[in-house]
Amino acid sequence: MDEQTTAKTELLKFVPKPDRPPIVISHGIAGWLKKHLFGGFWNTLLTIAVFTLLYLLIKPFLDWAVINAVWSAANRRECMTVSPDGACWAGVIRWFNNLIYGRYPDLLQWRVNLGFGIGIIWALPLALKRLKGKLQIGVAGVVLYPFVAAYIFLGGERGDFHYLVFCLGLAYLILLYIDVALVHTRGKKLSQVFDRYLEPIFGKRSAVASFILIMALITVLCLYIFRGVELEYVSIEFWGGLFLTVIISGFSITMALPIGIMLALGRRSTMPVLRWFSIATIELVRSVPMITVLFMSVTMMPLFFPNTMDLNKLAQVIIAVCVFAGAYMAETVRGGLQSIPKGQFDAAMSIGLGYWQTMFLIILPQALRAMIPNIVTSFISLFKDTTLVSIIGLFDIMLMARNISIDKNWFGLHSEPLVAISVLFFVFCYGMSQYSQRLERKLNTSR
Amino acid sequence: MVDSQDGRNASKSRLKKLIYDSSLRSKAIQFFVVLVTLGATYFLISNIVNNLRQMELPFGFGFVWSTAGFDVSWSLIPYDPSMSYGNVYLVGIVNTLVLSALIIFCSTVLGFVVGIMRLSKNLLVAQFARWYVEFFRNVPLLIQIVFWFIVVFSTLPAPRQSYGILDLFFLNNRGFYFPSPVFEEGFLWALIAIILGIVAFVVLRKKSEAERKTTGYPWRFFYPLLAAIIAFVAIVFILSGTPLSWIIPVLQGFNFEGGSFIPTAFVAAFVAMTIYRSASIGETVRAGIQAIHKGQLEAATAIGFPPVQTLRFIIIPQAARAILPPLINLWLTIVKESSLAVAIGFPELVSVFMQTSLNQTGRAIEIVMMVMGFYMCASLTISFLLNQYNKRIQMQEG
C-alpha cells in the first residue's frame with residue numbers, strides 16, 4: 001500500500017526531458033565542408049596532411065612548368081640564361097613535328113594526315129543509325145584500309161596489285177558515302193536503286209550483282225584518274241613518332257580481334273586438337289613478357305624465312321605485336337563468350353543453325369557487344385606498350401623524345417620531352433578509358 | 001533402270017551422310033589442322049637449318065659453358081668476367097627475381113593503401129587517390145621508368161653530397177647505400193632460436209584462434225605467451241654473444257666503402273614499377289571491397305561489432321576472395337614487366353642474356369628459348385602455387 005503511493009508520487013513528479021543536442025550544421029558550404037573534409041579530429045588532420053602534400057607536389061611543378069618556363073629560344077643555352085630553373089619548352093616545340101611524324105619529310109607530311117584522315121572518314125559512318133550492314137563496312141575497312149594507307153604512306157612504285165587494291169579501297173569509300181547520302185534522302189542504297197534493272201538477268205542475286213557492277217565501275221574510274229599519279233617514295237626508316245606508334249598499335253589491335261576470336265573459339269571447341277593448339281598458343285604467349293617477344297621477332301624471325309625474303313623491322317615488329325595482342329584478346333573474347341547464357345546456344349541449335357551460323361549470327365554479336373569496354377581497355381594497354389618498340393630501335397614517339405637530348409642545340413634536354421609525351425599519353429589514354437566506362441554504363445542500362 | 005537410279009541415289013545419300021557426319025567432319029578438320037601445323041613447322045625448321053648452315057652456327061646449348069668475358073654491373077651471386085654464359089643466365093635470373101619480389105611486396109602494400117584511400121569518406125583523400133591512380137596508370141610504364149632514372153635519380157648529388165638518413169642510409173647518383181649485416185660465429189644458435197620462436201608464434205595463433213571460435217572471447221594467455229616467446233629469442237640472442245653486427249657504409253675519397261649497395265637503375269626501376277602497379281592494385285582492392293554487399297556492413301553494425309573488428313572479421317575475409325585472383329594476375333604481370341628495366345641498363349635477365357650475350361654469341365634461337373623458358377616456368381609456378389592457395393580461401397565459403 002505504502003509502496004504504491006510512493007510510486008504514484010514519483011510518477012507525478014515533474015522530470016524535465018534532457019536537452020536536445022544543438023543543431024548540427026548539415027547544409028550549405030559549412031555543412032558540406034564538415035561532412036567531407038573536417039568531420040572529427042583525425043579527418044581534419046588527414047585533410048591538412050593531404051593538402052600539404054599536394055601543395056608540396058604541385059607548387060614546385062607549376063613553378064617549373066609554367067611560371068619559370070621558356071617558350072621560345074634558339075637553343076638550350078639561351079633557355080638556361082633566360083630562366084635557369086624553369087622548363088625549356090622551346091626545344092619540345094621545335095621538335096614537335098618530329099615527335100608526331102618522326103623523320104618523315106616535312107613537305108610530304110600531308111600524306112600522313114591524308115592517310116589518317118581517310119581512316120577517320122571511313123570509320124565515321126559506323127556511328128550512323130540508319131545505315132545498315134555495318135559489319136560489312138567494318139570488315140571491308142579492316143581488309144582494304146591498310147592497303148590504301150600503306151599506298152599513301154609509302155609512295156613510290158608499288159606494283160599493279162597494290163594499285164588495284166588501293167583503287168578498290170577508294171571505290172568502296174566513295175560508294176559508302178554515296179550510300180550514306182542516298183540512305184538519308186531516299187532510304188535506299190545505290191545498289192538497291194539499280195537492282196530492279198538487273199533482276200531479269202540475275203534473278204535473286206541481282207542486289208549482289210548490282211553492288212559488284214557499281215564497285216567495278218568506280219574502281220575502273222579510280223584506276224583511270226590516278227594512273228599517272230606517283231607519290232614520292234618514303235622508306236619505312238623515316239617513319240616515326242606518334243605516327244608510327246599509332247600505326248603499330250592500330251594495326252595490331254585490328255588484327256588481334258580476328259586472331260583472338262579464332263583462338264577463343266578454338267579454346268572452347270570440342271575438338272581436342274584444336275583446343276590444345278589454342279590453349280598452348282594462348283598460354284605460351286601470355287606467360288612471356290612483350291619485350292622478349294619483340295627481341296624474338298628481330299633476332300629469330302629472320303631465321304624463320306628463306307633469306308631471299310626481304311623482311312623489314314616494322315613488319316617483324318607488327319607480326320610480333322599482333323600475335324601478342326591476339327593471345328590477350330583471346331582471353332577477353334573468352335570472357336565475352338562465357339557471359340552468354342547457354343540457352344542462346346540451345347535456341348540456335350533448335351532452330352537448325354550450324355556451328356558457324358550460331359557463332360556469327362547469335363553468339364558473337366552479343367559477346368562482342370558485351371566486350372567492347374574490355375576491348376577498349378586492351379587497346380589502351382597495347383597503345384601504352386607500343387613504347388617498348390623503342391628498346392629495339394624503332395623511332396616511335398618515345399625514342400624521338402629521347403633523341404631530343406642528343407641534338408646538339410638541345411643537348412641534355414631530358415625531362416621536358418618526357419613530360420610532354422607523358423601528358424600526350426595521359427590525354428589519349430584517359431580519354432579512351434572514360435569513353436569505355438561511359439560505354440559500359442550504357443551497355444549495362446540497355447540490358 | 002530403276003534399280004541403278006536407286007543405287008545412285010543411295011550412294012549419293014551415303015555421300016551426303018558422310019559430309020554431314022559431324023564426328024567425321026571434326027576428325028577431318030583436326031587432321032587438316034595437324035597437317036597445316038606440321039607443314040608450317042617443317043617449313044620453319046628447314047629454313048632455320050638452312051640459315052644456320054649458311055651462318056655456320058650449329059644449333060646447340062654447348063655455348064653456355066664457354067666464357068662470357070663481359071662484366072655485369074651488379075650481381076647478388078658471385079660473378080666475374082671469366083665465368084660462363086650459364087653463370088650470366090643465373091645472375092640475370094636472380095636479379096630479375098629480386099627486383100620483382102621487392103616490387104610485388106611494396107606495390108601490394110602501397111596498392112592497399114591507395115585502394116582504401118579511394119574509398120575514404122574524406123573527399124580530398126579520395127580525390128587525391130583517384131587522380132594518383134588515373135595519372136600513373138595512363139602514362140606508359142617505360143616513360144615512367146626512364147623518367148625516374150634520368151630525371152630523378154641520375155641528377156642526385158655526387159657521393160660527397162649524398163642524402164643521408166641517420167648516417168646509415170645514403171642516396172646519391174650512383175645508387176643507394178645501406179648497412180649490411182655480418183653474421184658471426186654464434187649466429188647459428190640465434191637463428192635456431194628465431195625459427196623456434198616463429199614456429200611457436202604460429203602454433204600460438206592457431207590455438208588462440210581456436211579458443212576464440214569456441215568461447216567467443218580472445219584467449220587470455222595469448223599476450224603473456226607472446227611476451228615469453230620474444231623474451232626467449234632475445235635471451236638466446238644475448239647469451240650467444242650478440243652475433244649480429246652491421247657494416248655501415250662510410251664515405252672514403254669519392255665513393256662509399258663497406259655496407260651494401262644497389263645501383264641507381266635498380267632504384268629507378270623499383271620506384272617506377274612500384275608506383276605504376278600500386279595504381280592498378282589499388283583499383284583491384286577498391287573493386288574487391290566495393291563488391292561486398294552493403295548488407296554485410298549493416299548487419300555487422302546491427303549486432304554491435306566495433307569498426308576495427310568489422311574490418312577484420314567481416315570485410316577483409318570477403319574482400320580477399322574477390323581481390324586475390326586479379327591480384328595474382330597482377331603479380332605475374334610484375335614478374336614479366338620487370339624486364340622493362342632493360343631500358344635503363346639494369347642487368348636483369350633480358351638485358352644480360354637477350355641483349356649482351358645474344359649480341360656476342362649470335363645464338364638467337366637458343367637464347368630466346370632459354371629466356372622464354374624461364375619466364376614460362378616462373379609464371380606457371382607462381383600461378384600454380386597461388387591458385388592452390390586461392391582455392392583454399394574460396395572453399396571456406398561452403
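Reader: Start with B:Glu366. What does it form a salt bridge with?

Author: B:Glu366 forms a salt bridge with B:Arg363, and the closest N and O atoms are 3.4 Å apart. A salt bridge here is a side-chain nitrogen of Lys or Arg within 4 Å of a carboxyl oxygen of Asp or Glu. This is a predicted model: local features need pLDDT of at least 70, side-chain atom pairs count only at pLDDT 80 or more, and totals for chains, interfaces and linings use all residues. Side-chain values use heavy atoms, without hydrogens and water; residues are numbered from 1 along each chain as its sequence is written, and chains are lettered from A and ligands numbered from 1 in the order in which they are written.

Reader: Are B:Glu366 and B:Arg363 buried or exposed?

Author: Both B:Glu366 and B:Arg363 are buried. Buried means under 20% relative accessible area, exposed over 50%, and partly exposed in between, with a 1.4 Å probe and protein chains only.

Reader: How many salt bridges over all chains?

Author: Eleven. One of them joins the side chains of B:Arg277 and B:Glu337, at 2.5 Å from N to O. That pair links distant parts of the chain, 60 residues apart: B:Arg277 is in helix 8 (residues 264–290) of chain B and B:Glu337 in helix 10 (residues 307–337) of chain B. Helices (H or I, at least four residues) and strands (E, at least two) are DSSP runs, numbered from the N terminus. B:Arg277 is buried at 10% relative accessibility, and B:Glu337 is buried at 14%.

Reader: And what about B:Glu211 and B:Lys207, how far apart are the closest N and O atoms?

Author: They are 3.8 Å apart, in a salt bridge. Both residues lie in helix 6 (residues 187–215) of chain B, four residues apart, about one turn of the helix. B:Glu211 is partly exposed at 23%, and B:Lys207 is partly exposed at 42%.

Reader: Which residues of chain A are linked in a network?

Author: A:Arg267, A:Glu283, A:Glu331 and A:Arg334 are linked by salt bridges.

Reader: Switching to strands. How do strand 2 and strand 3 of chain B pair?

Author: Strand 2 (residues 169–172) and strand 3 (residues 175–178) of chain B are antiparallel, over three bridges. Two strands pair if DSSP finds at least two bridges between them. The hairpin joining strand 2 to strand 3 of chain B has two residues, and B:Leu171 has B:Phe176 as its bridge partner.

Reader: Last one: B:Gly175, buried or exposed?

Author: B:Gly175 is buried, at 1% relative accessible area, and is found in strand 3 of chain B. Leaving out residues up to four places away in sequence, B:Gly175 touches B:Phe170, B:Phe261, B:Ile262, B:Pro263 and B:Thr264, where contact means heavy atoms within 4.5 Å.
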